[in-house]
Every structure is written in structure tokens, then in C-alpha cells.
Amino acid sequence: MKNLFILTLTLFTMSGFAQDTSTSEQKKNYSFTLQQAIDHALENNYSAINSGRDIEAAKEKKWETTAMGLPQLNAGVDFTNNFVLQKSVVPAEFFGGNPGEYAEVAFGTKYNMVAKSTLSQLIFDGSYIVALQASKTYLKYYENAKRRTDIDVKEMVVNSYGNVLLAKENIAILEKNIASLQKTLNDTRATYKNGLIEEENVEQLEITLASLESTLNYNNRLLDITYKMLKINLGIDINAAITLKDNLDDLTTQNMDLAFSKTEFDVNNNISYKIATNFEEQRTLEYKLQRSKALPSLSANFNFGYTAFKDHFEFFSKNQNWFNYSNLGLSLNVPIFSSLARSSRTQQAKIALDQAKTQLNETEQKLKLQYAAAKTEYEYSIADYETAKSNLNLAERIEKKQQIKFTEGLSTSFDFNDAQRQLYTAQQKYLQTMVNIINKKASLEKIITQ
């Protein structure tokens, strides 16, 4: 009973520890600037972690290929139970029988055991030389793939970070608009009760207020989703607490750099182009591999072992005799004729290489087009921001004037409502252009940055 109590207590304690461990990540508080968020994601993003593991696996694969040309040592033991010995016939006169007759003879013992070791070494094989070159290209490919993953992760973090800030700014503006409209609605209700305006003016404001409150509710829900998306990109638990140190205005100002868009574009620095180059190198090596199969291969091996025979299983007794043997061998393989199968495989590899060269050229042209488009979109986003900023100032002044006119009874609720909608649209447009600058800058950096 005492042991059962101790076991139960131990299991309960371990369960509580596991629960504390699983919830510790959720309780942790994070605080990031945009750059800090990027740095954290490059270390903890799920795709970035697995991409790093791909590099480690590629390194192991490279050594596996290298080891194929190094000495190989193997050892083993063979045991045979001849429960029915194979028989042969010999002239009976060997054993004193009559000439012309044959006697059945069983050769061997019931049990045989062989302990052996083999040392082998590849001396020359063209395929192995090509495989060594391919293993280096294989590793380079995954290193470039890791770099592309990091670039993609950075862009995702920038976008998701900006989306959170956009949702927060939308909420702040909506709350400000609702507070202002609520005050106007209260004043209008009081004016209506005094019989100075029609009820329709009140109802129009109530419709607008209800619409704003619904939009605010949606943005509050959207903010939670954008936060969770950012956390996933950062590689942290979606229920963890997180605070963003940067604000939308500062990030917009930091990313407004027209001089950056004038940077000379070198396609050789683009990671997608490097990966396409890796692909061409792989196809080149595959072509060389098929050609190398027409060369002879040479290998050597040294064998050493002991053999024992017994009618009873007594191989480990002290008086057991073991007979040693050893030999050295060379193996030369010379391809002579394959009914043109080898030539066909070589031609297939040559066609694949030509396709890779064409794809590399296509990638270069597409990247130049993407750069031109990204550059144009980034420059336009800055111009669009300036226009949206100016339009917002105009919309604010128009809305203010219409509010005064509406309060004084000089304009209808429809005129005031139109001015409000124009203002709300201008506000949304202004915020979106700010985020566009940040995102378009990230897209341009993705193409230019090595």
C-alpha cells in the first residue's frame, strides 16, 4: 500500500510538471521591434528550423558519398549445419572392392564454421569522382534553399507585423470616429426632441453608428487573427503574450527611401537565380555521370579468415583446429557493348541539361521583370501614400465643415453622411498606403538582397 501511494504521488507530480512545461511558453511575454521580430523568426520559425536541418542532412549525405571511396572493412561468421551430407560415388576398388563397381561416399562434416574479414578499396571509378562533385553541389543547393527560406520568412514577418499594426490603427480610428459620431448623435437627438429637425436625421446617424460599431467588432476579431499569424511566423505559441514596439508611422517613414529603388540589380545575387544555377550544375553532373559509365572501374579486396569442421558442435573447445586462409584480389570491369542503352541514357542526360540551361535563361528574364515590377510598385506606393495623406486632410476638413453645417441646420443628414463616408474611406486608404510602403519595400528587398 505504501509503494502504491508513492507511485501515485510520483505520477501526479510528473503530470503537473509536464503541464507546467507545456504552459510555460504560453505564459512567456514577448516584446519586439520589427527587426527583433525578424531576428527571432530566423532562429525559431518552423520552416527556418527544418531548412537548417536539411543542410545538416546534406552534410551527412556528402560524407556518405565520400566514404564510398574509402577503405571498407567487414567481418562475419558463417555457420552451416549439413544435416544430410551430399554424397558422391568413387570406384569401389579404392576401398578394396571389385573393379568396375562404385561405392557411395559422403564428404565433409556435419558442422562447418567460417570466421572471415574482408578489406576492400575502390581504386578507380569515374562514377565515384562525379558523385563527389555532385555531393558538393547537393550541399550548396540546400544552403541556398536555407537562404531563400530566410528571405521568405523575413518577408512574411514584415507583412504580418504590418498587418497587426494596421488592425490596431484601424481600431483606434474607428473608436475615435464612434466617439465623435456618438456625441453628434446625442446632440441631434436633443435637437429632434425640441422639434427643430426631422427624425430622419437621427435615424441616418444611428445607421452610420451601427455600421461603425459592426466594423469595429470585425476589426477586433481580425486583430486577434493577425496576432496569431505573426506568432506562427515568429515560431512562438499562438497563445503567448506579445507586444510590438514599433508603430506604423515610424515604420512608414523608415521605409520611404527612393534611393533604395535606384540600386543596381544584379541577377547573379538573387537567390532564386542561384538555385536555378545549382539545378543546371546538377544536370551537368548527371550528364558527366552517364558519360563516366563508359570508363572501366578497378577495385581491390583482401580476404582473411579461419575455417573449422566438426561432426559435433564443439567449435569453442580448446582442442578445436581452425584452418586459416587469405587472398588478395583485383576486380576490373570494362564496359564494352550495351546495345546502345548507355548511349541512350547519356543523350537523355544531355537533353535534361539543355532544358536546365533554358530554364536558367527563363529565370533570369523573369527576375528582371519581377525587379522592374517591384521597383515600380514600391515607387508608386510612396506616391500613393502622399496622395492619400493629402486626400485625408481634405476629407477631414470637408467632414468638419459638413458637421458644422448639419449642426446648424444648413445641410441635410445625407450630405453629412456622404462627408463621413468619404472621410472613413480616406482614413482606410491612408492606413493601407502606409502598410503598402512597408510591404513593397520588403518585396523589392527580396529580389535585390543576396
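Contact means heavy atoms within 4.5 Å of each other. The model is predicted: local features need pLDDT of at least 70, side-chain atom pairs count only at pLDDT 80 or more, and totals for chains, interfaces and linings use all residues. Residues are numbered from 1 along each chain as its sequence is written, and side-chain values use heavy atoms, with hydrogens and water left out.

**View 1**
Leucine 234 touches Phe32, Ala37, His40, Ala41, Asn44, Asn45, Val157 and Ile242, not counting residues up to four places away in sequence. A nonpolar core is a set of buried Ala, Val, Leu, Ile, Met, Phe, Trp, Tyr and Cys residues joined through side-chain atoms within 4.5 Å. Buried means under 20% relative accessible area, exposed means over 50%, and partly exposed lies in between (1.4 Å probe, protein chains only). The largest nonpolar core has 65 residues, and those touching the most other members are Val157, Tyr161, Leu230, Leu234, Ile242 and Leu244.

**View 2. Isoleucine 178 in helix α4.**
Helices (H or I, at least four residues) and strands (E, at least two) are DSSP runs, numbered from the N terminus. Isoleucine 178 belongs to helix α4. With a relative accessible area of 12%, isoleucine 178 is buried. Apart from neighbours within four places in sequence, isoleucine 178 is in contact with Leu209, Leu212, Glu213 and Leu216. Between isoleucine 178 and lysine 405 there are 20 Å in space, C-alpha to C-alpha, and the two are 227 residues apart in sequence.

**View 3. Lysine 310 in strand β7.**
Lysine 310 sits in strand β7, which covers residues 297–310. Neighbours within four places in sequence aside, lysine 310 is in contact with Thr109, Lys110, Tyr111, Phe315 and Gln320. The side chains of lysine 310 and glutamine 320 make a polar contact at 3.5 Å. A polar contact is a pair of N or O atoms within 3.5 Å; within protein, one must be able to donate a hydrogen and the other to accept it, and residues adjacent in sequence count only if both atoms are side-chain atoms. Lysine 310 and asparagine 81 are 9.9 Å apart in space, C-alpha to C-alpha, and 229 residues apart in sequence.

**View 4. A nonpolar surface patch.**
Leu73, Leu119, Phe302, Phe304, Tyr306, Trp322 and Leu328 make a nonpolar surface patch of about 690 Å². Patches are made of residues with over 30% relative accessible area and no salt bridge; like charges are joined within 9 Å, and nonpolar side chains (Val, Leu, Ile, Met, Phe, Trp, Tyr) within 5 Å. Accessible areas come from the Shrake-Rupley method with a 1.4 Å probe, and for residues only the protein chains shown count as cover. Strand β7 gives the largest share of the nonpolar patch, three residues. Tyrosine 306 is found in strand β7, and its relative accessibility of 35% makes tyrosine 306 partly exposed.

**View 5. Salt bridges.**
A salt bridge is a side-chain nitrogen of Lys or Arg within 4 Å of a carboxyl oxygen of Asp or Glu. The structure holds 17 salt bridges. One of them joins lysine 140 and glutamate 281, with the closest N and O atoms 4.0 Å apart. This pair links distant parts of the chain, 141 residues apart: lysine 140 is in helix α4 (residues 126–193) and glutamate 281 is in helix α7 (residues 271–292). Lysine 140 is partly exposed at 39% relative accessibility, and glutamate 281 is partly exposed at 27%.

Aspartate 150 and lysine 146 form a salt bridge with their closest N and O atoms 2.9 Å apart. These two residues are separated by about one helical turn because they are four residues apart in helix α4. Are aspartate 150 and lysine 146 buried or exposed? Both are buried.

Glutamate 206 and arginine 189 meet through their side chains in a salt bridge (3.0 Å, N to O). Glutamate 206 lies in helix α5 (residues 199–234) and arginine 189 in helix α4, so the pair ties together parts 17 residues apart in sequence.

**View 6. Two positive phi angles in a loop.**
Serine 339 is not a glycine, yet has a positive phi of about 55 degrees. Serine 339 is in the loop between β8 (323–333) and α8 (341–407), and is exposed, with a relative accessible area of 56%. Leucine 340, also not a glycine, has a positive phi of about 70 degrees. Leucine 340 lies in the loop between β8 and α8 and is exposed, with a relative accessible area of 60%.
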